[in-house]
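I set out to record what a single chain shows, from its overall form down to one residue. My entries follow in the order in which I looked things up.

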Amino acid sequence: MATGSRNNKSQQIVSRVPLELIDELEKVKDEGESTASFVVTSIRGEIKRRQRKKGKQEHD
């Protein structure tokens, strides 16, 4: 049984998000998609974007 905010596969994080972003998030989420799934997908996309940007800057 997992205790606390971390287990073998994930860690729970808490952050404050502006209300206008929450409203927009609810408008664009796919039917049946959880907020957690949306956030994880968004984080993965942002990580990839920043890695590409950093790699491109190193090659310039």
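Entry 1, surface. I began with the accessible surface of the chain, which comes to about 6100 Å². Carbon and sulfur atoms account for 52% of that surface. I note that the model is a predicted one.

Entry 2, burial. I then looked up how much of the chain is buried: of its 60 residues, 3% are.

I found two helices and zero strands in the secondary structure of the chain. I looked up the radius of gyration and found 16 Å, whereas a compact globule of 60 residues would have a value near 10 Å. Along the principal axes, the C-alpha atoms fill a box of roughly 45 × 35 × 20 Å.

I recorded 13 positive and 10 negative charges in the chain. Their mean positions lie 9 Å apart.

I turned to Lys29 and asked where in the chain it is found. Lys29 belongs to the loop between α1 (19-28) and α2 (35-59). Is Lys29 buried or exposed? Its relative accessibility is 18%, and the cut-off for buried is under 20%, so Lys29 counts as buried.

I looked up which residues Lys29 is in contact with, leaving aside its neighbours within four places in sequence, and found Ser34, Thr35 and Phe38. With Thr35 I also noted a polar contact, side chain to side chain, at 3.0 Å.

Key:
Residues numbered from 1 in each chain as written. Predicted model: local features only at pLDDT ≥ 70, side-chain atom pairs only at ≥ 80, totals over all residues. Heavy atoms only, no water. Helix = DSSP H or I, 4+ residues; strand = E, 2+ residues; numbered from the N terminus. Buried < 20%, exposed > 50% of the residue type's maximum accessible area, 1.4 Å probe, protein only. Polar contact = N/O pair within 3.5 Å; in protein donor to acceptor, adjacent residues only side chain to side chain. Contact = heavy atoms within 4.5 Å. Rg over C-alpha atoms; globule rule 2.2 N^0.38 Å. Areas by Shrake-Rupley, 256 points an atom, 1.4 Å probe, with all protein chains shown as cover. Lys, Arg positive; Asp, Glu negative; His and termini not counted. Charge placed at Lys NZ, Arg CZ, Asp CG, Glu CD.
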